[in-house]
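User: Please go through the strands and the charged pairs of this structure with me, one question at a time.

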Amino acid sequence: MVPCGQGMHTVRWEAGALVLPTHADAEAELVLAALGGEKAGCIELAEAWGRHVDDLSVLAIGPRGAADVINVSWDDVRQAAAAGQGGGPARRGRMRLASQLGSGSAAGRQAQQDMDHAEQRRTDLLSLLALGYGFQVRLAGQVAAAHADGPDARARPALTAAITGRLALVAEQWLGIDPGQVEVSLHAGPGWGATELTGRGEARRLRVSLPAWWLARVWACGLPLIGGHLVVAVERAGWPDARVLAVRAPGAEPVPLDVHAREAAPDGRADAGDAPHWEI
């Protein structure tokens, strides 16, 4: 639910996109806002989502798993926006800098633009986090998907860190291994990658190679661990039924599994307010 006007409106995640059910003609509302009308809260949220669908930093601030709760309320969003408009210490410092540089100078204008951009970014990210876990996960998946095909040198470290942090928690459930003993590399070739478990005790290591798209197609869909199997790929996507490839133990060959979502929405859509739950 999103604050919009005098009430709260529902937003949905359907077919890979953020949907605003109570705004049948969002484009027309944007035009009216550009002409001086008030912009609806749902529209502002959709714009914020669009600005961050390829923002790699989202992977660092988003949750690593269902137990990794990030609690941001709409009151937090409002308070942060009010502090930015009213002039907190950081804003006052930037305003002094812009004033010293001269508001009409190129440097002054740049300082003002940087300040506005920082405040917009903070409000955007807080708003997106306030949507709750289901949306946080889907946004992370969309960011990963945007960089999954041939990630460049800038994206690879962020994607590797994102998979490592999330897979480590999955591996802890899967094998009882300490998350710090999990090592991940990006798989760039054909296929899904590989798993290997070596050593004993403190020297034990789980080494996993996965493609960047694992974040979007497996983890973000709530599929990483099903029935004691580590899911490494999706053969047939769908809701509430799908087919995945999964390994029972490190080093084993993956086997196909037909999985079913325990709680399917009546119309066949996923409710992005909750984490999906799957079973064999």
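Analyst: Two strands pair if DSSP finds at least two bridges between them. Helices (H or I, at least four residues) and strands (E, at least two) are DSSP runs, numbered from the N terminus. This is a predicted model, in which local features need pLDDT of at least 70 and side-chain atom pairs count only at pLDDT 80 or more, while totals for chains, interfaces and linings use all residues. Residues are numbered from 1 along each chain as its sequence is written, and side-chain values use heavy atoms, with hydrogens and water left out.

User: In which sense do E5 and E7 pair, parallel or antiparallel?

Analyst: Strands of a sheet pair through backbone hydrogen bonds, in either of two senses. Between E5 and E7 (residues 205-210) there are five bridges. Glutamate 183 has arginine 207 of E7 as its bridge partner. The sense of the E5 and E7 pairing is parallel.

User: Which residues are linked in a network of salt bridges?

Analyst: A salt bridge is a side-chain nitrogen of Lys or Arg within 4 Å of a carboxyl oxygen of Asp or Glu. Glutamate 183 and arginine 205 meet in such a bridge, at 3.4 Å from N to O. This pair links distant parts of the chain, E5 and E7, 22 residues apart. The network consists of Glu183, Arg205 and Arg207.

User: Is glutamate 183 buried or partly exposed?

Analyst: Buried means under 20% relative accessible area, exposed over 50%, and partly exposed in between (1.4 Å probe, protein chains only). The relative accessible area of glutamate 183 is 34%, so this residue is partly exposed.

User: Which strands hold aspartate 258 and arginine 243?

Analyst: The side chains of aspartate 258 and arginine 243 meet in a salt bridge of 2.7 Å, N to O. Because the two residues lie in separate strands, the pair ties together parts that are 15 residues apart in sequence. Aspartate 258 lies in E11 (residues 255-261), and arginine 243 in E10 (residues 241-247).
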